[in-house]
Amino acid sequence: MPSSRRLLSVAVAVAASAGVIGCGQASGRSMAATTSDAASQRLTTLTSLDQRVARVAQRLSEDNVDLCPAVRQSAGWALHSASQYSNELRPLVQSRFGLEGDLPGVLSAPPDSAAAEAGLREGDLILSVNGEALNPGPARTRPAFEGLAANIAMIDRALAGGATRLGIRRNNEPLDLTVQPHRACGYEVQLNPSDELNARADGRRLFISTALAGFTRSDDELALILGHELAHHVLRHRTWSDVGGAGREANDAAAVNGAGDKETQADRVGLFLTARAGYDTRIAPAFWRRFGAANWRVRYPQLRHASAEARARALEQVQVEIDAKRARGGPLLP
Ligand SMILES: [Zn+2]
C-alpha cells in the first residue's frame, strides 16, 4: 500500500540504527565507512521487509475487498522518494533506487498487482500522471514527506477514475505505461520502526512494527498478523475520527467490557481473511505458540486478549470451520 509515512519510517529507522551493526568489521576501517556500511545493510534489510509487507498487504486487500467497509482503486505498489530520507542516506537511496526529490519511486510492485500488470518494476521513477507532471519539489535540507504525499494524492485521484497513464523513467529512458487499478480494501499498511513486537489498526491504516514483521518466518505468518488487523476493520471495531485526527475504538464501553471478545472475533475473521488470500492458515496455532514463547505480553492473558495458548486452541477450531466450509464448496465467508 502506498504510504509516504511508512516509507519515511524506514528512513528514520536507518538513521537511528546506523552504527549498531558491524561488530568485528571495524578494524582497519574508518568509523565513517563502517557507519555507511551499516546504514547500507540496514537499508537492505528494511527494504526487504517493506517489500514483504507490501506483497502480503496487496493480496489480503484485493482478495477480501468484498468484505471491507472501505474500498479504493489501487495499484498495489509501495512508493518512496529521496526527500523522505536523511541527508546521510539520500545519496545512498538516490544511487540504489534512482530516486529524485519528491518524485515517487516504485519500491515494490508485487506480483499480480495492477502495478506489475502494467509493467511497472522496482526502481521505476514516476514523472507524470495522465500527462500532468508531478512536482519534484525544492532542494531539501531535512527529511520531508509532504511533497511525496501530494504527488501520491495526485496519482490516487487519477486511479480513482480508472485507467491511469504514467510517464516514468527507467534506466534513464522515458517510458509510458497504463495502470488499470484493482479494487482493494481502502486501508494503507505501514511498517513502523520499533523493537516492540506489535501491530494495530486505527480505522484508516494497519501498522506492523519492524520487529514483528521480522519475527514472522514466512509470508503465511506475516499474513496472519495483517489478517487479524484487517479483521478489526472488516468488523468495524475501529473508526476514524476526523475531528480528533486519530483512530479510536468504535465503542468505548465495549473497549473495556467486550475487548476480549473483539480480539477473539478478530482472530477468527482474520484467519478467514488470510485463507481467502490463499495463505496457509494451518501454521497459525504453531505461530501463536512460538510468538507466546518469545513475548510475555501475548503469552499470558491480558485485559484485551486471552493467552497465546488459548488463542492457538481457538484457531485450531476456526481451522476446522474453514476446512468444513471448503469441503462444502461455495464462498469462504466468516
Ligand atoms: Zn487485535
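**Figure 1. Salt bridges across the predicted model.** The structure holds 16 salt bridges, each one a side-chain nitrogen of Lys or Arg within 4 Å of a carboxyl oxygen of Asp or Glu. Please keep in mind that this is a predicted model, in which local features need pLDDT of at least 70, side-chain atom pairs count only at pLDDT 80 or more, and totals for chains, interfaces and linings use all residues. Residues are numbered from 1 along each chain as its sequence is written, and side-chain values use heavy atoms, with hydrogens and water left out.

**Figure 2. The salt bridge of Arg 205 and Asp 202.** Here the two side chains meet with N to O at 2.8 Å. Arg 205 is buried, its relative accessible area being 15%, and Asp 202 is buried as well, at 7%. Buried stands for under 20% relative accessible area, exposed for over 50%, and partly exposed for values in between (1.4 Å probe, protein chains only).

**Figure 3. Asp 323 and Arg 282 in a salt bridge.** The closest N and O atoms of this pair are 2.9 Å apart. Asp 323 belongs to helix H12 (residues 308–328), while Arg 282 sits in the loop between helix H9 (259–276) and helix H10 (284–294), so the pair links distant parts of the chain, 41 residues apart. Helices (H or I, at least four residues) and strands (E, at least two) are DSSP runs, numbered from the N terminus. Asp 323 is partly exposed at 27% relative accessibility, whereas Arg 282 is exposed at 53%.

Figure 4. Glu 309 and Arg 289 form a salt bridge whose closest N and O atoms are 2.8 Å apart. Together with Arg 313 and Glu 316, Glu 309 and Arg 289 are linked in a network of salt bridges.

**Figure 5. The largest nonpolar core.** This core has 43 residues, of which Val 53, Ile 208, Leu 226, Leu 230 and Trp 288 touch the most other members. A nonpolar core is a set of buried Ala, Val, Leu, Ile, Met, Phe, Trp, Tyr and Cys residues joined through side-chain atoms within 4.5 Å. Among the elements that give two or more residues are helix H2 (31–63), strand E11 (205–209) and helix H7 (219–234); H7 gives the most, with eight residues. Leaving aside neighbours within four places in sequence, Leu 226 is in contact (heavy atoms within 4.5 Å) with Val 53, Val 56, Ala 57, Leu 60, Val 189, Leu 206 and Ile 208.

**Figure 6. The aromatic cluster of Phe 215, Phe 287, Trp 288 and Phe 291.** These residues form one aromatic cluster. Rings of Phe, Tyr and Trp (its six-membered ring) pair if their centres lie within 6.5 Å; planes under 30 degrees apart count as stacked, over 60 as edge-to-face and the rest as tilted. By this rule the count comes to five aromatic pairs. The rings of Phe 215 and Phe 287 are edge-to-face, because their centres are 6.0 Å apart and their planes stand at 65 degrees. This pair joins helix H6 to helix H10, 72 residues apart, and both residues are buried. Phe 287 and Trp 288 are edge-to-face too, with centres 6.2 Å apart and planes at 80 degrees.
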